[in-house]
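Subject: Handing over the two-chain model

Dear colleague,

I am passing the structure below on to you, and I have set out after it what I found on going through it. Please keep it open beside this message as you read.

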Amino acid sequence: MNDLLDLFIIALAGLVHATLQLGISALLLLYHASLGKNVKRKTRELVRDFNLGISLFIALLLASTCFVTLVIFGGALPKSALVILVGLIAAMAFGIWFLYYRKSTGTELWVPRSFARFITERADKTDDGVEAFSLGMLIACAEVPFAMLLIITAANSVLNLPQPVQLLAIAVYVLIATMPMWLAQLLINNGKTIVDIQRWRVKNKQFLKVISGVGFITLAIFLLAFKVMTDF
Amino acid sequence: MSVLGKSKNKLVKSKSETRIGRSGLAKSIDRKKVKVGGKVFSRLRLKRDIMREGRVLNRHTGAVEMIAERVCDEVEKWIGDRPEITEADLNRVTAARIRKYDVDLAYVYRNRGKII
């Protein structure tokens, strides 16, 4: 039962991670830049490498967070740390609602404009797999301020699982967190254009914002109920 | 040849010469304005940008080229004798002109740099 609970928390944290938009934005930028100058096959390869870069970075970050937690606390997080984590996750929901998107008609995000320009230029200059892979890692790294709490939550649950399942749990988290990117790639490969996806994102911007914030709140409540208050 | 040179955040109309850049594309250069680090309006660059967006949407090259030519004509007509225009104005007017021919192309052109 406890293992199932931990797996559910990992899945929920991954799902909330999937609602963050920086990865999908950068993917659309890469598509836009690459389709303008490369053939479709090359673009597909670049996007696949980009997605692999994001996936690997998240997997490594989650694994290293597990290791650091293990070294510092000798296992899963203590109750006091969990209480702080719950508070921060709840606060992050407000961050998503009020800070994550800029107040503009498009889907401009919180990242500083200079960094956004840098990403745009990098996407424009990306011509081979290594560059696309590195861009993916950079984007996953840039998302860390909003994703770190989710990673810590998932790491805590991974450490509660039996060792043989831990790697599988990390894989599940990564797969769920990067699902929108793989889905977007699948849609574009099957005839949708980046305009269709971007229009959908603009149209549903408020909805995405609400869903993301509610996801953070749900995770906080879930942790509070099943991890913090269990022994009281 | 009449081009628009950019001064700080404004594009300023002035006379200039045309030369072939390293990319092999003809680039309009305004020596006076290049000194302040601004970029210069060029019909060729505008056409190239529109054609590139057309490729993104997998549009037929010939069709996009025709649209690009017409849009360039209309944009140049709009510029007319204006002493200066902003880059935002240029993008807005170009997108509005493209919209008459292809709504998706206009959308992707207008939203360049607004994704992230």
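Of the 232 residues that make up chain A, 41% count as buried. Please bear in mind from the start that this is a predicted model, so that everything below describes a prediction.

Chain A

Chain A is built with eleven helices and zero strands, and its pattern, read along the sequence, is accordingly α-α-α-α-α-α-α-α-α-α-α. The C-alpha trace of chain A spans about 60 × 40 × 30 Å along its principal axes. A compact globule of 232 residues would have a radius of gyration near 17 Å, and chain A, with 18 Å, agrees with that expectation. If one takes the contacts in chain A between residues at least 6 apart in sequence, 86% of them join residues at least 24 apart.

One helix pair in chain A can be described in some detail. Helix α2 (residues 22–35) of chain A packs against helix α5 (residues 113–125) of chain A at an angle of about 40°, and their axes are 8 Å apart. Because an angle between 35 and 65 degrees falls into neither the roughly parallel nor the roughly perpendicular class, α2(A) is oblique to α5(A). The crossing in which α2(A) passes α5(A) is right-handed. On the side of α2(A), the contact is made by Ala26(A), Leu29(A), Leu30(A) and Ala33(A), while α5(A) brings Ile119(A), Thr120(A), Ala123(A) and Asp124(A). Sorted by class, the residues in this contact of α2(A) with α5(A) are six nonpolar, one polar and one charged.

Helix α7 of chain A is another place to look, and two of its residues can be taken in turn. Leaving aside residues up to four places away in sequence, Asn160(A) touches Asn2(A), Asp6(A) and Ala76(A). The C-alpha atoms of Asn160(A) and Ala147(A), which are 13 residues apart along the chain, are separated by 20 Å. Val144(A) also has its place in helix α7 of chain A, and with 14 other C-beta atoms within 10 Å, Val144(A) is partly exposed. Between the C-alpha atoms of Val144(A) and Leu109(A), 35 residues apart along the chain, the separation is 14 Å.

Chain B

Chain B has five helices and five strands, and from the N terminus on its elements run β-β-β-β-α-α-α-β-α-α. Chain B has 116 residues, and buried residues make up 29% of them. Among the contacts in chain B between residues at least 6 apart in sequence, 49% join residues at least 24 apart.

In chain B, α2(B) and α5(B) pack at an angle of about 115°, with 10 Å between their axes. Because the roughly perpendicular class runs from 65 to 115 degrees, α2(B) is roughly perpendicular to α5(B). The crossing of α2(B) past α5(B) is right-handed. The residues that make the contact are Ile50(B), Glu53(B), Gly54(B) and Val56(B) from α2(B), together with Leu105(B), Val108(B) and Tyr109(B) from α5(B). In the contact of α2(B) with α5(B), five residues are nonpolar, one is polar and one is charged.

The loop between α2 and α3 (61–79) of chain B holds Asn58(B), which has a positive phi of about 65° although it is not a glycine. Most residues other than glycine have a negative phi. Asn58(B) counts as exposed, because 10 C-beta neighbours lie inside 10 Å and the limit for an exposed residue is 12 or fewer.

Where the chains meet

Twelve residues of chain B are in contact with 19 residues of chain A. On the side of chain B that touches chain A, the elements that give two or more residues are α2 (43–56) and α5 (103–110) of chain B. The residues on that side of chain B comprise six nonpolar, two polar and four charged.

With kind regards

Methods: Residues are numbered from 1 along each chain as its sequence is written. Chains are lettered from A and ligands numbered from 1 in the order in which they are written. This is a predicted model: local features need pLDDT of at least 70, side-chain atom pairs count only at pLDDT 80 or more; totals for chains, interfaces and linings use all residues. Helices (H or I, at least four residues) and strands (E, at least two) are DSSP runs, numbered from the N terminus. A residue is buried if 20 or more other C-beta atoms lie within 10 Å of its own, exposed if 12 or fewer, and partly exposed in between; C-beta atoms are placed from the backbone. Two residues are in contact if their C-beta atoms, placed from the backbone, lie within 7 Å. Ala, Val, Leu, Ile, Met, Phe, Trp, Tyr, Cys and Pro count as nonpolar, Asp, Glu, Lys and Arg as charged, and the others, Gly among them, as polar. The radius of gyration is taken over C-alpha atoms; the globule rule is 2.2 Å times the number of residues to the power 0.38. Axes are lines fitted to C-alpha atoms, for helices over the stretch in contact, and angles run from 0 to 180 degrees between N-to-C directions. Angles under 35 degrees count as roughly parallel, over 145 as roughly antiparallel, 65 to 115 as roughly perpendicular and the rest as oblique. A crossing is left-handed if the near helix is turned anticlockwise from the far one by less than a right angle, and right-handed if clockwise.
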